[in-house]
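Biologist: Please show me the model. I would then like to go through it by question and answer.

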Amino acid sequence: VQRIFSMCVGQDMLNYTEQEIMDILRTQGNLTASNDSPIDLIVKYKPNLSVDTSYLYTMVEDLEDEGYEVICVLQDYLKRIRSVDGMFGGDLRLQLGAIINEFKVFATLKNIPIITASQLNRDATSKIDEARVKNKADLVRLIGRANVGESNLILENSDWICLIAPE
């Protein structure tokens, strides 16, 4: 939430009350809602790896009980949620593939898109760093599907993937 506030408003939210923060985000930030566009952004914090993907169903059902229609779920980071299928003996590649598969099932059953993020692998990082040293541009062209995270299984059930590399 601090990042959202800082990005939208350019100030430190620690200097404000909770109500002031909400008012500022609605009036000065890019998180505006009106009767013409009554979309609320609801942020639910869960500690790292404290929930598995079944939480998505509970969260959406709880929000529906409160009168909300969930139109999109943003998961901060792929590695911050667990698979309902377990830890796969510590094999991160299989864990990430299962999480994406469970996201796909949820999205299909609920007809709600899920947006998440994952880092590229070490090879991609190395390619980008080398190109930056040489002042090359259009760095995304240096990376591809083989550089997606730590699991090719991420690709198998994702409907859309975007690679971002800061210039």
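Modeller: First a term: helices (H or I, at least four residues) and strands (E, at least two) are DSSP runs, numbered from the N terminus. This is a predicted model, in which local features need pLDDT of at least 70, side-chain atom pairs count only at pLDDT 80 or more, and totals for chains, interfaces and linings use all residues. Residues are numbered from 1 along each chain as its sequence is written, and side-chain values use heavy atoms, with hydrogens and water left out.

Biologist: Which pattern does the protein chain follow along the sequence?

Modeller: The protein chain has six helices and two strands. In sequence order they give α-α-α-β-α-β-α-α.

Biologist: Where does Val43 lie, and is Val43 buried, partly exposed or exposed?

Modeller: Val43 sits in the loop between helix H2 (18–27) and H3. Buried means under 20% relative accessible area, exposed over 50%, and partly exposed in between (1.4 Å probe, protein chains only). Because its relative accessibility is 48%, Val43 counts as partly exposed.

Biologist: Which residues form the negative surface patch?

Modeller: Lys and Arg count as positive and Asp and Glu as negative, without His and the chain ends; a charge is placed at NZ of Lys, CZ of Arg, CG of Asp or CD of Glu. One member, Glu66, lies in the loop between helix H3 (54–65) and strand S1 (73–75), and is exposed because its relative accessibility is 52%. The patch is formed by Asp62, Glu64, Asp65, Glu66 and Glu69.

Biologist: How many salt bridges does a search of the whole structure find?

Modeller: Side chains of opposite charge can pair when their charged atoms come close. Asp76 pairs with Arg80, with the closest N and O atoms 3.0 Å apart, and Arg93 pairs with Asp91 at 3.9 Å. In the whole structure the number of salt bridges found is seven.

Biologist: What is the N to O distance between Asp138 and Arg141?

Modeller: Asp138 is partly exposed because its relative accessible area is 38%, while Arg141 is exposed at 70%. Their side chains meet in a salt bridge, with an N to O distance of 2.3 Å.

Biologist: Is Gln95 buried or exposed, and which residues does Gln95 touch beyond four places in sequence?

Modeller: Gln95 belongs to helix H4 (residues 92–110) and counts as buried because its relative accessibility is 13%. Contact means heavy atoms within 4.5 Å. Not counting residues up to four places away in sequence, Gln95 touches Ser83, Gly86, Met87, Phe88 and Gly90.

Biologist: What is the relative accessible area of Asn147?

Modeller: Asn147 is placed in the loop between helix H5 (122–133) and helix H6 (153–156). Its contacts beyond four places in sequence include Leu120, Asp123 and Leu142. Asn147 is buried because its relative accessible area is 3%.

Conventions: Patch = residues over 30% accessible without salt bridge, like charges linked within 9 Å, V, L, I, M, F, W, Y side chains within 5 Å. Areas by Shrake-Rupley, 256 points an atom, 1.4 Å probe, with all protein chains shown as cover. Salt bridge = Lys/Arg side-chain N within 4 Å of Asp/Glu carboxyl O.
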